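Welcome! Here is a short walk through one model, with the cut-offs spelled out as we go.

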Amino acid sequence: MSADNQTHATNMPLLPERNPFAEPGEWFKGNLHLHTTNSDGDYSPQATVDLYAQEGYDFLAITDHNRLTDPEDVDGHGMVLLPGVEFDGGRGELGQTYHMVALGVQHEVQRLDAATSQEALDQTRSHSEIVFLAHPYWSSLTAEDLMAVEGYDGIEVFNTTCERGIGRGHSEPQWDNLLTKGRLTMAMAVDDAHFHYWDTLGGWVWVKAPRLEYRGLMDSIKRGFFYASSGPEINNVVFADDTVHVECSPVASVALVVASPGKGWTTDRLRDGGDRPLITEANLPSVHDLIFRIEVTDERGNRAWTNPYKIKS
Ligand SMILES: [Zn+2]
Ligand SMILES: [Zn+2]
């Protein structure tokens, strides 16, 4: 890992004073992971971009396997296209490869030839500005595998094609394991669309940025000024005295998930039995000096996830 990576600004928790919901700017929706006919996807790059543009996305990353699909070659219809690649390399303890999504890739790339998992990660970083580990649950990456490499910005907490393909799209336990061990890792929701079946429009990020342009989006992602969703919207997170106030689209529950054994709160725990009415706001007891994150779940089971916070006492 280079000295530059060690001072990487993303390995910091969000703080009340460094909270995307309190930052100026606008929210922009995008998908950070998908494939086209330039690797094993079924749609051409242009057809893929057309689909997401029609659905109102603001930005999109095409991340073909080990190959850069140049955004200059397609019409983005006003979307910002982030140049990306999904690399595979290294070996987990079960023998499986790591899949690493690189964003901000500016040059044609080669397949990784790294000997170790850390070298694979370092090679991926050398091509890009942002790296996140793809689909930990689908890949059966163990807690040891995720701790064994350093220098990535985030992991996929949700991956649509993995969920709809084999029922292994959710990686919350893998993420929380990292957070509990003090590894401050952000989390993305993505489609990883290949179009072999209906694996699109199921996971995305909302990024808070000053305006819709490449540099601002990339900087906001690196700073953690985004949240992931497979359905619900989180409209505000406010810190007041000893509570965390959350505003969101109608959901069945709001949870404050703490990276520490047996700690945390949910709105289910705070209510008096009976029905589970949909709620659009919640006040949960805050925790101090521990890493926590906010997660909301709607009545269909779709979720939204903030990046990790920490409140100093
Ligand atoms: Zn993959
Ligand atoms: Zn992929």
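## Ground rules

Metal donors here are N, O and S atoms within 2.8 Å of the metal (3.2 Å for Na, K and Ca), and water is not among the atoms, so sites may look incomplete. This is a predicted model, in which local features need pLDDT of at least 70, side-chain atom pairs count only at pLDDT 80 or more, and totals for chains, interfaces and linings use all residues. Residues are numbered from 1 along each chain as written, chains are lettered from A and ligands numbered from 1 in the order in which they are written, and side-chain values use heavy atoms, without hydrogens and water.

## The zinc ion (ligand 1)

Which residues coordinate the zinc ion (ligand 1)? Glu86 (OE), His99 (ND1) and His135 (NE2) do, at 2.1 to 2.2 Å. Their spacing in sequence is E-x12-H-x35-H.

Glutamate 86 coordinates both zinc ions, which are 3.6 Å apart. Glutamate 86 lies in strand β3 and histidine 135 in the loop between β5 (130–133) and α4 (136–139), so this pair ties together parts that are 49 residues apart in sequence. Helices (H or I, at least four residues) and strands (E, at least two) are DSSP runs, numbered from the N terminus. Glutamate 86 is buried, at 1% relative accessible area, and histidine 135 also counts as buried, at 4%.

## Helix α2

The buried residues of α2 are Pro45, Thr48, Val49, Leu51 and Tyr52. They cover an arc of only 155° around the axis, which puts them on the same side of α2; the arc is that of the directions from the helix axis to the C-beta atoms. These buried residues pack against β1, β2 (59–65) and β3 (80–89), with contact meaning heavy atoms within 4.5 Å. Just after α2, glycine 56 has a positive phi of about 85°.

Notes:
Buried means under 20% relative accessible area, exposed over 50%, partly exposed in between (1.4 Å probe, protein chains only).
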